[in-house]
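Subject: Structure handover and findings

Dear colleague,

Please find the structure below, together with an account of what was found in it. I would be grateful if you could read the two side by side.

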Amino acid sequence: MEVNPANRREKIISLTETGKQYARELVLPLFQSEEEAAAQFTEQEMTEVIRMQEKFADALAKRMEEKVSIVHNLSAS
């Protein structure tokens, strides 16, 4: 990890060689599989999939915020 010279508040994180190898062996094939699966859908279907994923992510984020707020309020008591 190093400090970003353009913005000293930011940190730059780089993968080790082991991390790069892991990405090549596991992460890249996952991305390829995702692209192959997405290719099975029409453009309209993918638009709907994305819309539903965004809706789910928003609902999940809202619930998580509520839970964090509850925990914060309990710890402040």
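This is a predicted model: local features need pLDDT of at least 70, side-chain atom pairs count only at pLDDT 80 or more; totals for chains, interfaces and linings use all residues.

In which helix is Leu26 found? Leu26 belongs to helix α1, which covers residues 17-38. Helices (H or I, at least four residues) and strands (E, at least two) are DSSP runs, numbered from the N terminus.

Residues are numbered from 1 along each chain as its sequence is written, and side-chain values use heavy atoms, with hydrogens and water left out.

Domains and strands

The protein chain is divided into domain 1 (1-40) and domain 2 (42-76), with bounds that come from an automatic or database domain assignment. The centres of domain 1 and domain 2, taken over C-alpha atoms, are separated by 24 Å.

Strand β1 (residues 2-4) pairs with strand β2 (residues 7-12) in the antiparallel sense, over 3 bridges; two strands pair if DSSP finds at least two bridges between them. Glu2 has Ile12 in β2 as its bridge partner.

Helix α1

Leu26 has a relative accessible area of 37% and is therefore partly exposed. On this scale, buried means under 20% relative accessible area, exposed over 50%, and partly exposed in between (1.4 Å probe, protein chains only). Together with Tyr22 and Leu30, Leu26 forms a nonpolar patch on the surface, with about 310 Å² of accessible area in total. Patches are made of residues with over 30% relative accessible area and no salt bridge, where like charges are joined within 9 Å and nonpolar side chains (Val, Leu, Ile, Met, Phe, Trp, Tyr) within 5 Å. Accessible areas come from the Shrake-Rupley method with a 1.4 Å probe, and for residues only the protein chains shown count as cover.

Helix α1 also holds Lys20 and Glu17, 3 residues apart, about one turn of the helix. Their side chains meet in a salt bridge at 3.5 Å, N to O; the term denotes a side-chain nitrogen of Lys or Arg within 4 Å of a carboxyl oxygen of Asp or Glu. Lys20 is partly exposed because its relative accessible area is 36%, whereas Glu17, at 56%, counts as exposed.

Helix α2

How many salt bridges does a search of the whole structure find? The search finds 3.

One of them joins the side chains of Arg51 and Glu48, at 2.7 Å from N to O. These two residues are 3 apart in helix α2, so about one helical turn separates them. Arg51 is partly exposed at 41% relative accessible area, and Glu48 is likewise partly exposed at 37%.

Another joins the side chains of Arg63 and Glu66, at 3.6 Å from N to O. Arg63 and Glu66 are also 3 residues apart in helix α2, so they too are separated by about one helical turn. The relative accessible area is 44% for Arg63, which is therefore partly exposed, and 38% for Glu66, which is partly exposed as well.

Helix α2 spans residues 43-76 and includes Glu43. Glu43 counts as exposed because its relative accessibility is 69%.

With kind regards
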